[in-house]
Amino acid sequence: RVDCGLCAAAGQSARQGGLKFFPDDRGAVAERLELAERGVTRQIFHAAVGGGDQTLGVDEFQGRTNAVRHHLRRLDGFAAELDDAQYRADTGAFFKSMHGTLNHLLTADWVWMHRFTGEGPSPTRLDAIHHDTLPGLRAAREAEDRRIIAYIDSLTEQKLAGTISYRRVSTPEEFVQPLAPALAHFFNHQAHHRGQAHTILCSFG
């Protein structure tokens with residue numbers, strides 16, 4: 001299991017507050033992902049949490065980058081239909097609002113891409129608001145998606161079999177982990193918070 005350090009504090013806070021958004025339970029998360037993603041991330045989820053004997057190769061990761069980009073474009077489009085009060089409303093999600101959730105998605109992708117490549121932004125707060133308007137956030141999101149696609153396209157099976165080392169946002173210890181399950185977690189983390197964003201959208205009808 002990948003020890004990512006992302007969302008742990010937010011998840012603990014949500015559980016202590018009695019919220020029901022994505023409890024730290026594999027079955028519950030898998031069920032929400034199935035509903036939100038219709039199986040697109042099923043294989044990635046099992047690889048990330050160690051279910052079964054699945055090992056994802058370069059082709060599988062490359063095949064998912066465009067699908068993920070499509071999901072994010074749709075999500076941004078739906079978010080644009082919310083009025084400003086709805087967009088910023090605290091709905092009880094880990095990062096409170098649609099605004100906070102979409103900013104966190106970008107933050108986490110920056111964190112992981114810096115771990116993978118050693119380049120790009122490396123935020124120190126997981127709840128940082130990098131863009132206060134949705135148009136600015138969408139532009140940054142699209143730029144990051146292009147960077148993710150370029151990185152995944154550059155991978156070989158030999159690179160995928162390697163390791164990465166990094167320090168978590170919340171603790172100083174250095175972690176060394178195989179790249180493939182870390183990438184699986186990277187995509188699973190995106191789906192996790194897209195599922196929360198879908199829940200936020202549904203709360204507004």
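## Helix α9, a mostly covered helix

Helix α9 is mostly covered: 20 of its 25 residues are buried, where buried means under 20% relative accessible area, exposed over 50% and partly exposed in between, using a 1.4 Å probe and protein chains only. Helices here are DSSP runs of H or I with at least four residues, numbered from the N terminus. This is a predicted model, in which local features need pLDDT of at least 70, side-chain atom pairs count only at pLDDT 80 or more, and totals for chains, interfaces and linings use all residues. Residues are numbered from 1 along each chain as its sequence is written, and side-chain values use heavy atoms, leaving out hydrogens and water.

Spanning residues 179-203, α9 reaches 37 Å from its first C-alpha to its last, close to the expected 36 Å; that expected span is 1.5 Å times one less than the number of residues. After α9 comes Gly 205, with a positive phi near 80 degrees.

## Rings that meet

Let's look at the aromatic rings. Rings of Phe, Tyr and Trp (its six-membered ring) pair if their centres lie within 6.5 Å; planes under 30 degrees apart count as stacked, over 60 as edge-to-face and the rest as tilted. By this rule there are seven aromatic pairs. One of them, Phe 61 with Phe 187, is stacked, at 6.0 Å centre to centre and 20 degrees between the planes. This pair links distant parts of the chain, 126 residues apart: Phe 61 belongs to helix α4 (residues 58-80) and Phe 187 to α9. Both Phe 61 and Phe 187 are buried.

What about Phe 186 and Phe 187? Their planes stand at 65 degrees with centres 5.3 Å apart, so this pair is edge-to-face.

How values were computed: Helices (H or I, at least four residues) and strands (E, at least two) are DSSP runs, numbered from the N terminus.
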